[in-house]
Amino acid sequence: MLRLRPFRGVRYNTDLVPDLADVSSPPYDVMDRQMIDHLLDESPRNVVRLILPRMVSDPLSDVDPYARAALLLARWRSEGLLVADPRPALYVYEYGHPGETVCGIVGALELTPPDDHAVLPHEDVMEPIIADRLAMMTAAQANLEPIMLVYDGGGAVASIVNAARASAPLIDIRSPDGAAHRLWRIDDPETTAEVDRRLSNRQALIADGHHRYATYLRLQAAHQADGPGPWDRGLALLIDQSTCPVQLGPIHRSVSDLRLDSLTAPAGFSMSATADVVAGEPPSPGRGDFALTDGRQYVLLAHVGPRDPSVSDAELLHSQILPVWSVGEDQIGYHHSVDQARRSARHSGGIAIIMHPASVAEVMDVARAGKVMPRKSTSFGPKPRTGLVMRVFADEL
């Protein structure tokens, strides 16, 4: 069962921070070094100091960076910079640009065993990233940013969400990229219980936050001897895909040191030239197909024959194509745009692989089959902003 519980949200004190755009940040995993340095320089109070402690240098301190961030969190709370809401609540969160606005509910998601299938992961995870997130959450004893889940709710909680949005928001800001972010609180116990009831028979797909969700489960296991507690839940944003769909884009690949004219089609595929790059737009590959380019021409690598819906395009590429071409992991780059992939391929003497943009239904096919895609298979968006509402375990003990 999918269970979403109210919690006492911890938020920046707007009396001390009039513009929350100055102290919030994009998700930790989409920021590069330049963006992080900019946020650190712009404000000594930016949440990036809590969520990415390893990126914050302090030559005057010999304290472990995660412990240093936990001390900073405690200090900001004692100074009143961060304050906890007086009552447990769920939070309606609306964000995005005109034409691509999404809205969901933020709450404390009950963690259940993976074989319950209430929450469906669809991408593989990497141990070093889990270790980093676990060190951060363990030191802070907090969830500082939500994972993002999508589900097909058929508008089950739409009336509750819309009623909340009809009132004045707690937060109404515009981030530096021009996106609007608004937050409302639902703290009526009957209403929060009704949300929980309406969601209880749903399944949710992890759209963003596979490593954080895996960390939630590790942290819960680490506290098993302590009995039930706040570690049995994790901060999550749930979005009803049927009423407020998120966008799902591909993550393209580049492969260095690989000549397009040396490649042959692996078994089960055909290969045909389609157009030169100068002639116009790249071909749009269908499911199971890949557009290849070396910067001069496009070649379509097309799957031949029936497809197993539980096998993603990324799995096809990494298990049935790249090994045939003797491509190693160190040759592969991951890119959110075709132009980035083409530039990388050109600079590295290789090729760009343009991926098919999977649909949520296709991703669900993989997840419901109990399988996961290779890492960097999908890009859900738009992504929520970090630092608008957080969850501290001490407030629930």
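1. In this predicted model, D132 and R133 form a salt bridge through their side chains, with an N to O distance of 2.8 Å. Are these two residues buried or exposed? D132 has a relative accessible area of 9%, so it counts as buried, since buried means under 20%. R133 is buried as well, at 0% relative accessibility. In total, the structure contains 31 salt bridges.

2. D132 also takes part in a contact between two helices, in which Y66, A67, A70 and L73 of helix 3 meet D132, A135, M136, A139 and A140 of helix 4. Helix 3 covers residues 65–78 and helix 4 covers residues 127–140; their axes come within 8 Å and cross at roughly 40°. The two helices are therefore oblique to each other, and helix 3 passes helix 4 in a right-handed crossing. Sorted by class, this contact has eight nonpolar residues, no polar residues and one charged residue.

3. R133 belongs to another contact of helix 4, the one with helix 7. Which residues make this contact? On helix 4 they are E127, I129, I130, R133, L134, M137 and T138, and on helix 7 they are H211, R212, A214, T215, Y216, R218 and L219. By class, there are seven nonpolar, three polar and four charged residues in the contact. Helix 7 spans residues 210–222, and its axis comes within 9 Å of that of helix 4, with a crossing angle of roughly 60°. Helix 4 and helix 7 are therefore oblique to each other. The crossing in which helix 4 passes helix 7 is right-handed.

4. Q141 is found in the loop between helix 4 and strand 7 (142–143). Although Q141 is not a glycine, its phi is positive, at about 50°. The relative accessible area of Q141 is 25%, so the residue counts as partly exposed.

5. A further salt bridge joins the side chains of R185 and D85, at 3.1 Å from N to O. Where in the chain do R185 and D85 lie? R185 is in strand 10 (residues 180–186), whereas D85 is in the loop between strand 3 (82–84) and strand 4 (90–96); the pair links distant parts of the chain, 100 residues apart. R185 counts as partly exposed because its relative accessibility is 30%, while D85, with a relative accessible area of 4%, is buried.

6. Strand 10 also holds R182, whose partner D172 lies in strand 9 (residues 171–174), so this pair ties together parts that are ten residues apart in sequence. The side chains of D172 and R182 meet in a salt bridge of 3.4 Å, N to O. D172 is partly exposed, at 49% relative accessibility, and R182 is partly exposed, at 25%. Salt bridges with shared partners also join R3, R5, E110, D196, R233, R391 and E396 into one network.

7. The loop between strand 14 (252–255) and strand 15 (269–276) contains A265. Which residues does A265 contact, apart from its neighbours within four places in sequence? These contacts are with S270, M271 and L301. The C-alpha atoms of A265 and V324 are separated by 9.0 Å, and the two residues are 59 residues apart along the chain. A265 has a relative accessible area of 33%, so it is partly exposed.

8. D257 is also located in the loop between strand 14 and strand 15. The phi of D257 is near 55°, which is a positive value in a residue other than glycine. With a relative accessible area of 61%, D257 is exposed.

9. A last point concerns a peptide bond. Which form does the bond from G381 to P382 take, cis or trans? The bond is cis, with omega near 0°. P382 has its place in the loop between strand 20 (378–381) and strand 21 (391–392).

Note on methods. Residues are numbered from 1 along each chain as its sequence is written. This is a predicted model: local features need pLDDT of at least 70, side-chain atom pairs count only at pLDDT 80 or more; totals for chains, interfaces and linings use all residues. Side-chain values use heavy atoms; hydrogens and water are left out. Axes are lines fitted to C-alpha atoms, for helices over the stretch in contact, and angles run from 0 to 180 degrees between N-to-C directions. Helices (H or I, at least four residues) and strands (E, at least two) are DSSP runs, numbered from the N terminus. Angles under 35 degrees count as roughly parallel, over 145 as roughly antiparallel, 65 to 115 as roughly perpendicular and the rest as oblique. A crossing is left-handed if the near helix is turned anticlockwise from the far one by less than a right angle, and right-handed if clockwise. Contact means heavy atoms within 4.5 Å. Ala, Val, Leu, Ile, Met, Phe, Trp, Tyr, Cys and Pro count as nonpolar, Asp, Glu, Lys and Arg as charged, and the others, Gly among them, as polar. A salt bridge is a side-chain nitrogen of Lys or Arg within 4 Å of a carboxyl oxygen of Asp or Glu. Buried means under 20% relative accessible area, exposed over 50%, partly exposed in between (1.4 Å probe, protein chains only).
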